[in-house]
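Welcome, and please open your viewer. Could you take me on a walk through the pockets, the cavity and the salt bridges of this model?

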Amino acid sequence: MSAPIAGTVPALGRRVRVTPSMCGHSPALYARIGDWTWDTVSELCDVDVLSASDADGDPTYLSFFYFRVRGSTDMHPHGLTFGDQLAVASAAFDFGSESVLTLHRIAPGHHGAMETLDLDEFYQDRRSDCLYVETMNRWIGRTVEGSNQNLKLASPPGFRHTALPRLPAQHSPRAACANARKHGSFHTAAAPGYRLVVPDLTGTHQVDLTRDLNGVGLLYFASFFAYVDSGVLDLWRALGRDDSAFLTRKVTDVRICYFGNTDADQGLEVTSRLWAGADPTLGELAEVVIRERSTARVLAVAEVRLSGQGAAR
């Protein structure tokens, strides 16, 4: 096994012009980044992610286990619009035979060097005009045909991961996700420097058959972001803020861990809380937990950092 790598690594580059299907106040951008993740793994790991199967010939899917997007007030997920030109650099990293981690640097189109990705920049010296995306994926398959319960790990034969570089252990999201699973939060207690402003609010939702399922019947990973946003909107309105201000919010950091999937006939509970920075420059921190209503099983835990509010009381 190769030693962990630091510094600059080779990357796949792409030039992208923002279209209506990948921007706006919806999970559209996250969905497109998910496609780039699958494309990157397909190319670098000698596997057709779109039609992969396990050793028994059953379908296996490169599911999202962790998804994080970090930006700034200058460049944030809801700030892209029609016609923007982007330069994207993508690299995949070895996380074992059942998982893979992929990094994307999304920069304005005039940036060069899409064929490399600088890990020191990614983790320590991020630019204010770029988005930095981490995705960790695991291969999963069904144990019961037609059911999204009790999914199993199931990597495809020939998944070539050992030739990929390895990240230093401190960059692994596994510990953060283990904490989120245990505590329903990425923090064991209050986030340092923040005070609780809005305690738990819970809203109920039904899985939307017209929006939430992907082409193989799983609850689509990007649909979870819509439920996260609904939780943030509940907090917003609880503070008496108007919807127009919600549409101009600046999300500087959003991350989510996925712990399960659910079936089309299930209801969901979305519980959210809001923290405000003691220093207004810290902005606000929303935490959202998504559960299956019938079992209280935790499906996902998310955290959203919002810049520039400072008005919560």
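The stops below go from pockets to a cavity and then to salt bridges. Keep in mind that this is a predicted model.

**Stop 1: the largest pocket**

Select Ser63, Phe64, Ile140, Leu218 and Asn261, which lie nearest the centre of the largest pocket. This pocket has a volume of about 780 Å³, and 35 residues line it. Now colour helix 1 (28-44), strand 3 (61-70), strand 7 (131-141), strand 8 (152-153) and helix 4, the elements that give two or more residues to the lining. Helix 1 supplies the largest share, 6 residues. By class, the lining has 19 nonpolar, 10 polar and 6 charged residues.

**Stop 2: the second largest pocket**

Next, pick Asp94, Phe95, Arg166, Leu167 and Arg174, the closest to the centre of the second largest pocket among its 12 lining residues. Its volume is about 160 Å³. Here the lining has 6 nonpolar, 3 polar and 3 charged residues.

**Stop 3: the cavity**

To find it, select Tyr30, His78, Phe225, Val228, Asp229, Val251, Val254 and Val304, which line it. Which element gives the most to this lining? Helix 4 does, with 3 residues. Helix 4 (221-238) and strand 10 (250-258) each supply at least two lining residues. By class, 6 are nonpolar, 1 is polar and 1 is charged.

**Stop 4: salt bridges**

Side chains of opposite charge can pair when their charged atoms come close.

- Show Lys152 and Asp54, whose side chains meet at 3.9 Å, N to O. Lys152 is in strand 8 and Asp54 is in the loop between helix 1 and strand 3, so the pair ties together parts 98 residues apart in sequence. Lys152 is partly exposed, at 30% relative accessible area, whereas Asp54 is buried, at 8%.
- Show Glu121 and Arg105, paired at 2.7 Å, N to O. Glu121 sits in helix 2 and Arg105 in strand 5, 16 residues apart. Glu121 is buried at 15% relative accessible area, and Arg105 counts as buried at 10%.
- Show Arg241 and Glu284, with their closest N and O atoms 2.7 Å apart. This pair links the loop between helix 4 and helix 5 to strand 12, and both residues are buried.

Finally, select Asp200, Arg273 and Glu287, which salt bridges with shared partners join into one network.

Note on methods:
Residues numbered from 1 in each chain as written. Predicted model: local features only at pLDDT ≥ 70, side-chain atom pairs only at ≥ 80, totals over all residues. Heavy atoms only, no water. 1 Å grid on protein atoms, 1.4 Å probe; cavity = no way out; pocket = protein on both sides within 12 Å on 5 of 7 lines; lining within 4 Å. Helix = DSSP H or I, 4+ residues; strand = E, 2+ residues; numbered from the N terminus. Nonpolar A, V, L, I, M, F, W, Y, C, P; charged D, E, K, R; others polar. Points joined across faces, edges and corners; volume = space filled by probe spheres on them. Salt bridge = Lys/Arg side-chain N within 4 Å of Asp/Glu carboxyl O. Buried < 20%, exposed > 50% of the residue type's maximum accessible area, 1.4 Å probe, protein only.
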